[in-house]
Amino acid sequence: MFPERAINNSAALKSSAALKNCAGLGGVQPVKAPWSHTTGVGSVVNAWLESGRVRPYFAAHQLLEPQAASHAPIPEGLAPVLQAALARRGIRSLYTHQAEAIEAALAGRHVVVATPTASGKSLCFHLPVLNALCEDADASALFLYPTKALSRDQEHNLRELINGSGLDLAATVYDGDTPGDARRVARERCRIVLTNPDMLHAGILPSHARWATFLRGLRYIVLDELHTYRGVFGSHMAHVLARLLRVARFHGQAPQVIAATATIGNPREHAAQLLGVPVDQVTLVANSGAPRATRRVFIYNPPVVNEELGIRASTLKQAVSLTADLVRARIPTILFGPSRNSVEVMLKYLRAKVGDGAGPPGAASHAIMGYRGGYLPQQRRAIEQGLRNGEILCVVATNALELGIDIGDLDAVVCAGYPGSVAGTWQRFGRAGRRGDQSIALLVCSSSALDQYLAREPEYLLAGNAEEARIDPTNIEILIQHLKCACFEVPFELSAAGTRVAAPLPARGEGYAGLGVDETRDALEYLGQHGLVHASGGRYHWTGEAFPATHVSLRNIGWDNFVIIDVATQQSIGELDWRAAHTMLHEQAIYQQDAEQFQVERLDFDNHKAFVRKVEPDYFTTALTYRTVSVIETHRTGRLGPAELGAGDIKVLEKVTGYKKIKFFTHENAGYGDVHLPEIQMHTTSFWLTLREDFVARFALPRATFIDALRGVGRALETVSTLALMCDPRDIGQTLGDGGSDAGHDEAQGGGEAPGRNPSAGKLGGFDPTVFLFDAHPGGVGLAPRIFERAEELLERASLLVEHCPCPSGCPACVGPVAEHAQTKSVAVDILREIGIPEQRRSPTPAPRFETAVAESPSEP
C-alpha cells in the first residue's frame with residue numbers, strides 16, 4: 001500500500017551491507033547510520049518501551065494475542081451469480097460469522113450481527129438482500145443508516161458488489177441532498193434505497209402511497225450501526241420502525257430485518273426492543289471469525305507539569321508527538337481528537353513535527369489529512385478515497401469516523417482523551433489491526449478527573465464490559481407523537497365493522513407499538529377529544545390540519561447549517577451546524593480548516609453565512625461559554641426529609657461571552673476578545689432537589705467539599721435515573737445551582753457545572769444548593785416528571801449504588817471521578833442518610849456501566 005516502505009527497507013539493507021564491506025567486519029553488527037530510520041509497528045513499540053521519554057508514563061500496557069481467521073463454506077443457498085462475484089474477488093469462503101448470519105437470514109429470521117469494527121459485517125446483509133432480489137424480480141430492500149455520509153459511503157460498496165455480480169439492479173441514496181428528478185426515479189425504479197431515519201420518518205412514510213411499488217416488494221430492512229439508536233433517539237427510532245412495518249403490512253409485506261452493531265452489552269435485547277418483537281425471534285451472531293493482528297493497548301498519562309494544581313502536559317501535544325513516531329515509521333494511523341478545533345490544531349502540529357518524514361518534500365500536507373464535520377461532502381469523500389487506496393498515511397479525525405465508513409486498513413489508533421465510554425473506545429481501537437503482524441491502540445489521557453481515574457484504574461477500560469444500549473418506546477410524550485403520525489399514514493381499524501383496508505390488519509382491532517387493542521383505542525379517543533382523529537366505520541382517521549411528522553424531531557439538533565465563504569474567492573469552503581457556529585464562527589474567531597487559518601470578518605447571523613479571509617496568525621481562538629439554569633414555572637413540589645423536591649419548566653441559557661487567543665505550540669494565553677451573539681435558550685422540563693443553608697451548616701465542611709459531594713449525589717442520581725427510565729445518558733442534563741449566583745461556567749476552561757438560581761429561595765443571597773436533572777431536549781420528553789414521581793425510589797437506588805461501589809473515594813460508576821483521597825464518596829453517603837435514605841442492608845449489586853457524555857466534543861452530523 002505504501003511504496004515508500006519498501007524503498008526505505010531496501011535502502012537500509014544496501015546501506016548496512018555497504019558499511020559491513022567497507023569496515024571489513026563480516027558478520028559483526030554494524031553501527032547504525034545516523035540518517036537511517038526504521039519502519040513498522042514493532043520498531044515503534046520497541047522504541048517506546050526502551051525510551052525514557054515514553055515508557056515511564058505508560059499507565060498500562062496490555063498485549064492482546066492475535067486471532068486467526070475462522071472460515072466457513074459459502075452457503076449453498078446463495079445465487080450462483082453472487083458466488084461467482086465473490087470468487088472474482090478471491091473469496092472462496094466466508095468468515096464464520098458471515099456464513100452464520102447469511103444462513104439465518106436465508107432461513108427467514110431477524111438477525112443482529114454484533115462483531116467488532118472492520119470485521120466484514122456489510123457482506124452479512126449485502127449477500128442475503130441481493131440473493132432475494134435475484135430470486136424475485138419484484139423484491140426490494142431498504143437500507144437505514146444513522147447519517148447521510150455513511151449511507152453514501154455504503155452506496156459505493158454496494159454498487160461495487162452489484163456490478164461485480166453482473167446484476168441489473170438500481171440502488172440509490174434517498175436523503176435531503178437527493179435532487180427532485182432522482183427522487184422520482186428512486187420511488188419508481190430503484191429496488192434498493194439507502195436512507196436515514198429522518199428521511200424515512202418525514203419524507204417516505206407520510207407519502208407511502210407514492211412508494212407503493214417499492215413497498216409492495218419490500219423483503220428486507222437493513223439497520224446498520226444499531227448501537228447509535230439509543231436513548232430518546234432510539235425510542236423515536238423504535239416508533240419509526242413500528243410505523244414502517246405497519247405501512248409494509250398495509251402494502252401486503254412482512255419484511256425481515258438484518259441489523260449490524262458495534263459491540264454493546266445487549267445487542268439481541270436491544271434489537272428485539274427496537275423491532276417490537278420477542279427476543280427469541282432475533283438471531284444473534286456475535287462470535288467473529290475475522291482475523292485480528294496482535295494488538296498492543298497502551299494508556300499513556302502525560303507527565304505532570306504543575307504538581308500543586310495536578311496539571312499535566314498538553315494532551316494534544318503529547319498525542320501529536322506519539323503519532324509522529326508512528327507516521328515516521330510509515331504506519332497507517334488515525335488520531336482521534338475530542339473536538340473540531342482540537343483536530344485542526346493537532347493536524348497543524350503533526351504536519352509541522354513530521355515534516356518530510358511522511359515522504360518526499362512537501363508530502364506531509366497530502367499524506368496527513370484532517371476529517372471532521374464541517375468539511376464539504378466532496379472533501380470528505382476525497383479523504384475517504386485517499387485512505388482506502390493508501391495515498392493518505394494518517395488522518396486526524398473527530399468522532400465523525402467512529403461509524404463504519406470504509407477507510408481501508410490501519411495499523412494504529414491514537415485517542416487524544418477518553419471518548420466517554422468503554423464501547424466507544426474499543427470501537428475506535430477496532431479501526432486498526434486487520435492486516436500485518438501487530439497493531440497499536442493508544443489512549444492519551446488528559447488532566448480531567450475521568451481520564452485520571454482511568455490512568456489510576458486501567459482495568460475499568462481494559463477488562464470492563466461494554467455499556468448497554470437502552471430505549472423506552474413506552475414514553476408517553478414520544479408514543480403519542482408517533483401515534484398521530486401512524487394514524488395520518490394509515491387509518492387505525494379497531495373493529496370488524498366497515499370496509500376492510502387493503503392490508504391484512506387485524507379484523508378484531510389493531511394495537512400499536514406494544515399497546516394492546518384497548519389501550520390503542522383509548523389513546524386514539526384521547527386524540528379524538530382534541531379534534532385530531534375521527535372515528536368512522538370502525539376506523540380512526542386523521543383529521544388534523546397539520547402534517548404531524550414535520551413537528552416531530554427525532555434528534556436533539558439545532559437549525560440549518562451556517563455556510564462558510566472565503567471572501568477572496570467567494571467560494572464556499574465549509575459549513576457548520578447552528579450550535580457550533582456560536583463558538584467557531586463569531587466575528588474575529590480563527591476558523592481552521594485543513595490546518596489553514598481563516599479569520600471571520602463578518603457573521604451574517606440571520607442568513608446563516610460566515611465570511612472569512614485566509615490569514616497566518618500565530619494563535620488560534622477558543623470560545624468562553626456561560627450557562628445558567630433558571631426555573632420558569634413550578635408544577636409540583638414535595639419533601640423528603642430536609643430535602644425540598646420540585647418539578648417544572650426551566651430555561652437553560654447558554655451564551656458565548658468572549659474568546660481567548662491561544663498561541664500555537666506553546667499554548668500561552670495571548671489575549672481576550674468580546675463576542676456579541678444571541679443567547680442559546682432551551683426551554684425544557686426539570687426535576688430539582690434543594691438543600692437549605694441550615695442543613696448544609698450541620699456538616700461543618702468547607703463549602704467546596706460539600707458542593708463536590710452533592711454533585712456526586714447528583715451524578716449517582718443521574719446514573720440510576722438513566723437506568724430506571726431506560727434512556728441514554730445524553731438525554732438527561734445535570735447541573736448544580738448554589739442558590740446564590742447566576743454566574744455561568746467557562747466550558748473552554750473545563751470548569752465545573754454552571755450554577756443556577758435556587759428555585760425555592762426566590763431571591764439571591766443564601767446558600768441553598770440545588771441539584772437539577774433536566775430533559776436535554778427542547779420542550780422535554782417526559783423524563784423529569786417521572787424522576788419526580790419516583791424520587792424516593794431513585795434516591796434509594798443512588799444510595800445503594802454509592803455505598804456498595806468497591807472504590808475507596810469515588811469513581812465514574814458512582815459519584816464520578818474524583819481526586820485521590822477526596823471525601824466526595826463518604827460525604828455523599830452522609831448526605832443521603834441525612835436526607836432520610838436509610839443505609840442499605842441488601843446484598844451488593846454490581847455498579848451499572850454507562851456511557852459518559854463528553855461535553856467538550858461537539859456531535860458530528
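A crossing of two helices is right-handed if the near helix is turned clockwise from the far one by less than a right angle. In this predicted model, helix H10 passes helix H19 in a crossing of that right-handed kind. The axes of H10 and H19 lie 10 Å apart, and the angle between them is about 20°. Angles under 35 degrees count as roughly parallel, so H10 is roughly parallel to H19.

The contact between the two helices can be followed residue by residue. On the H10 side, the residues involved are Val232, Ser235, His236, His239, Val240, Arg243, Arg246 and Val247. They meet Ile478, Leu479, His482, Cys485, Ala486 and Glu489 of H19. By class, the residues of the contact of H10 with H19 comprise 7 nonpolar, 4 polar and 3 charged.

Two of the residues named in this contact, Arg243 and Glu489, also form a salt bridge, with 2.6 Å between the closest N and O atoms. Arg243 belongs to H10, which covers residues 231-250, and Glu489 belongs to H19, which covers residues 476-489, so the pair ties together parts that are 246 residues apart in sequence. Are these two partners buried or exposed? Arg243 counts as buried because its relative accessibility is 0%. Glu489 is buried as well, with a relative accessible area of 8%. In general, side chains of opposite charge can pair when their charged atoms come close.

The model has 31 salt bridges in total. Another of them links Arg790 to Glu793, with an N to O distance of 2.9 Å. Arg790 has 25% relative accessibility and therefore counts as partly exposed. Glu793, at 30%, is likewise partly exposed. Elsewhere, salt bridges that share partners join Arg639, Glu644, Arg692 and Asp768 into one network. Within that group, Arg639 and Glu644 form a salt bridge whose closest N and O atoms are 3.4 Å apart.

Most residues other than glycine have a negative phi. Asp594 has a positive phi, near 55°. Where does Asp594 lie? Asp594 sits in the loop between strand E24 (590-593) and strand E25 (596-604). With a relative accessibility of 27%, Asp594 counts as partly exposed.

A positive phi is also found at His608, which is not a glycine and has a value of about 60°. The loop that holds His608 runs between E25 and strand E26 (609-615). His608 is buried, because its relative accessibility of 17% is under the 20% limit for that class.

The last stop is strand E11, which spans residues 294-300 and includes Thr294. Thr294 has a relative accessible area of 15% and is therefore buried. Which residues does Thr294 contact, leaving aside its neighbours within four places in sequence? The contacts of Thr294 include Leu63, Leu64, Glu65 and Pro66. Asp437, Gln438 and Ser439 are also in contact with Thr294.

Key: Residues are numbered from 1 along each chain as its sequence is written. This is a predicted model: local features need pLDDT of at least 70, side-chain atom pairs count only at pLDDT 80 or more; totals for chains, interfaces and linings use all residues. Side-chain values use heavy atoms; hydrogens and water are left out. A salt bridge is a side-chain nitrogen of Lys or Arg within 4 Å of a carboxyl oxygen of Asp or Glu. Helices (H or I, at least four residues) and strands (E, at least two) are DSSP runs, numbered from the N terminus. Buried means under 20% relative accessible area, exposed over 50%, partly exposed in between (1.4 Å probe, protein chains only). Axes are lines fitted to C-alpha atoms, for helices over the stretch in contact, and angles run from 0 to 180 degrees between N-to-C directions. Angles under 35 degrees count as roughly parallel, over 145 as roughly antiparallel, 65 to 115 as roughly perpendicular and the rest as oblique. Contact means heavy atoms within 4.5 Å. Ala, Val, Leu, Ile, Met, Phe, Trp, Tyr, Cys and Pro count as nonpolar, Asp, Glu, Lys and Arg as charged, and the others, Gly among them, as polar.
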